[in-house]
Amino acid sequence: MRMFRKIFLALLMAAGCALLGAPAQAQDSASTPIVLENPHYWLARPLKKAASLSAAVGYPYGWHRNHQSPIHHGVDFVNPQGTPVLAAADGTVYYAGSDQERLFGERANFYGNLVIIQHNLEAPEGGRIFTLYGHLSYVAVQSGERVRQGDRIGAVGATGIALGNHLHFEVRIGAAESYFAVRNPELWYAPLPGTGTLIGRLLNADGSKALGIRVTLAAPKRALYTFTYADPSVPRDPALDENFTLADAPAGCYRLRVRGTALDVPVCLRAGQTVFVEARLP
Ligand SMILES: [Zn+2]
């Protein structure tokens, strides 16, 4: 009997140790958020200050809207038809016109009227930086024309495959005409005044990338959300290896959460700050 009690106590102690170990494991599952000192915010928003300047939340870069749309290779700025579209940086117009006969996306007439600008900028990973502006109602520049940052290059529309008027904006590295040379545009422009940008890497418990997961940034009075890249093929920044971004989050402290899991990581963002966090789903 004593023997059994000893074994029982030993088992209980082992269980207790395991329980005590649990919080430490939970802490290990999320690295401390770090402030990025020199993000490559070399581009301006491609619209005037009066326009809607934040990317539409329902269809972020790398997400397919629950398979209702192609995986998004850019971000969308929803604005009325005719809203001026501006060059994001100095450069030369690489292409201006329709994609009816020249392929820039998944198929012909994908972007409708588009402009691609070749910038005098080299990405840190190597390769020329291009920006693409799609679904324009009209194009105000010609191929070969030099443009300065802020120059009007066209206007918002809904040409090509577009659900309503918006500017589809892409950043491409090294290959202007490659649909797969894209990067997340939110890694290339600074957060709006009074806000910060969160860049994240959300992993499954086994360390693989968590695909197409809704990520919430919750504060007492607001909740922001985005989705992780839906497919491993979505191009990432090689230095960051991120799989989601949440730009223009009002400065403040939040909890990074994923519904249905115990993930709960404190994240504070100051105005103008970019914070990187890696989190592992429990
Ligand atoms: Zn789009």
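Author: One term to begin with: buried means under 20% relative accessible area, exposed over 50%, and partly exposed in between (1.4 Å probe, protein chains only). This is a predicted model, where local features need pLDDT of at least 70, side-chain atom pairs count only at pLDDT 80 or more, and totals for chains, interfaces and linings use all residues. Residues are numbered from 1 along each chain as its sequence is written, and side-chain values use heavy atoms, with hydrogens and water left out.

Reader: Ok. How does Asn-109 count at 30% relative accessibility?

Author: Asn-109 counts as partly exposed. Its phi is near 55°, a positive value in a residue other than glycine.

Reader: And where is Asn-109 found?

Author: In the loop between β4 (91-98) and β5 (113-122). Strands here are DSSP runs (E, at least two residues), numbered from the N terminus.

Reader: What about phi of His-67?

Author: That value is positive too, near 65°. His-67 sits in the loop between β1 (34-35) and β2, and at 67% relative accessibility it counts as exposed.

Reader: Switching to the metal. Which residues are the protein donors of the zinc ion?

Author: His-72 (NE2), Asp-76 (OD) and His-168 (ND1), lying 2.0 to 2.1 Å from the zinc ion. Asp-76 is in strand β2 (residues 75-78) and His-168 in strand β10 (residues 166-173), so this pair ties together parts that are 92 residues apart in sequence. Donors are N, O and S atoms within 2.8 Å of the metal (3.2 Å for Na, K and Ca); water is not among the atoms, so sites may look incomplete.

Reader: Are Asp-76 and His-168 buried or exposed?

Author: Asp-76 and His-168 are buried.

Reader: New topic: what does Tyr-138 make a polar contact with?

Author: The side chain of Tyr-138 pairs with the side chain of Arg-152, at 2.9 Å. A polar contact is a pair of N or O atoms within 3.5 Å; within protein, one must be able to donate a hydrogen and the other to accept it, and residues adjacent in sequence count only if both atoms are side-chain atoms.

Reader: Which strand does Tyr-138 lie in?

Author: Strand β7 (residues 138-139). Tyr-138 is partly exposed, with a relative accessible area of 36%.

Reader: And how far is Tyr-138 from Ile-153?

Author: Their C-alpha atoms are separated by 8.9 Å, and the two residues are 15 apart along the chain.

Terms used:
Helices (H or I, at least four residues) and strands (E, at least two) are DSSP runs, numbered from the N terminus.
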